[in-house]
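Please look over the model shown here before turning to the comments. They are arranged as numbered points for a reader who works with coordinates.

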Amino acid sequence: MHVGVCKINLRIPENASLKGKRQVLKSITTRIRNKFNVSVAEVDNHDRWQLATIGICCVSNDGRHANEVLSNIVDFVHDCRFEAEILDYEIEILPV
């Protein structure tokens, strides 16, 4: 069994409130959950209006598959042109 973990740092440049940030993140996390069937949560930068960090986790019996799913999620967030831009991301595959 392999656990894939991805951390994506986002910038929301047009945002001016925590309420606006929550709306953008809810849209992103819901679409990721529905499309890829993974766990998603905001994990850092909770009180900063224009920055957000989301964590994504998937479990697979193949490490390559977990890496592929997480890479596809990063591409999805980049290509969907949400109101956020990706500043940085990290993917880690943990054999369990």
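The points below treat the basis of the model, its sheet, its helices and a few single residues.

1. Basis and confidence. This is a predicted model, in which local features need pLDDT of at least 70 and side-chain atom pairs count only at pLDDT 80 or more, while totals for chains, interfaces and linings use all residues. Residues are numbered from 1 along each chain as its sequence is written, and side-chain values use heavy atoms, with hydrogens and water left out. The pLDDT, which is the predictor's confidence in each residue on a scale from 0 to 100, has a mean of 90 over the protein, and 100% of the residues reach 70 or more.

2. Sheet order. Helices (H or I, at least four residues) and strands (E, at least two) are taken as DSSP runs and numbered from the N terminus, and two strands are said to pair if DSSP finds at least two bridges between them. On these terms four strands make an open sheet, ordered β2-β3-β1-β4, with antiparallel pairing. The edges are taken by β2 (39-44) and β4 (85-95), each of which has a single partner strand, so one side of each lacks a neighbour in the sheet. On average, and with direction ignored, neighbouring strands are turned by 20° against each other.

3. Strand β1 and its partners. Strand β1 (residues 2-11) runs antiparallel to β3 (residues 51-60) and is joined to that strand by 10 bridges. Within this pairing, C57 in β3 is the bridge partner of V5, and R11 stands opposite L51. A further 10 bridges connect β1 with β4, again in the antiparallel sense, and here I8 is set opposite Y89 in β4.

4. The β2-β3 hairpin. Five bridges pair β2 with β3, antiparallel, and A41 is found opposite G55. The two strands form a hairpin with six residues between them, and N45 in the turn has a positive phi of about 60°.

5. Helices on the sheet. Axes are lines fitted to C-alpha atoms, for helices over the stretch in contact, and angles run from 0 to 180 degrees between N-to-C directions; contact means heavy atoms within 4.5 Å. Helix α1 (residues 18-36) lies across β1, β2 and β3, and its direction is at about 15° to β3. Helix α2 (residues 63-79) also packs on the sheet, where it touches β1, β3 and β4 and makes an angle of about 170° with the direction of β4.

6. The faces of α2. Helix α2 has 17 residues and spans 24 Å between its first and last C-alpha, close to the expected 24 Å, the expectation being 1.5 Å times one less than the number of residues. Its buried residues (under 20% relative accessible area, with exposed meaning over 50% and partly exposed in between, for a 1.4 Å probe and protein chains only) are G63, A66, V69, L70, I73, V74, F76 and V77. Viewed down the axis of α2, these buried residues fall within an arc of 160°, so they line one face of the helix, the arc being that of the directions from the helix axis to the C-beta atoms. They pack against β1, α1, β3 and β4, whereas R64 and D79, on the other side of α2, are exposed.

7. Positive phi values. Most residues other than glycine have a negative phi, and the exceptions here deserve a check. R81, which follows α2, has a positive phi near 55°. N37, in the loop between α1 and β2, likewise has a phi near 55° and is exposed, with a relative accessible area of 71%.

8. Surroundings of D44. Residue D44 belongs to strand β2 and counts as partly exposed, at 43% relative accessibility. Residues up to four places away in sequence being left out, D44 touches A52 and T53. The C-alpha atoms of D44 and N9 are separated by 8.8 Å, although the two residues are 35 residues apart along the chain.
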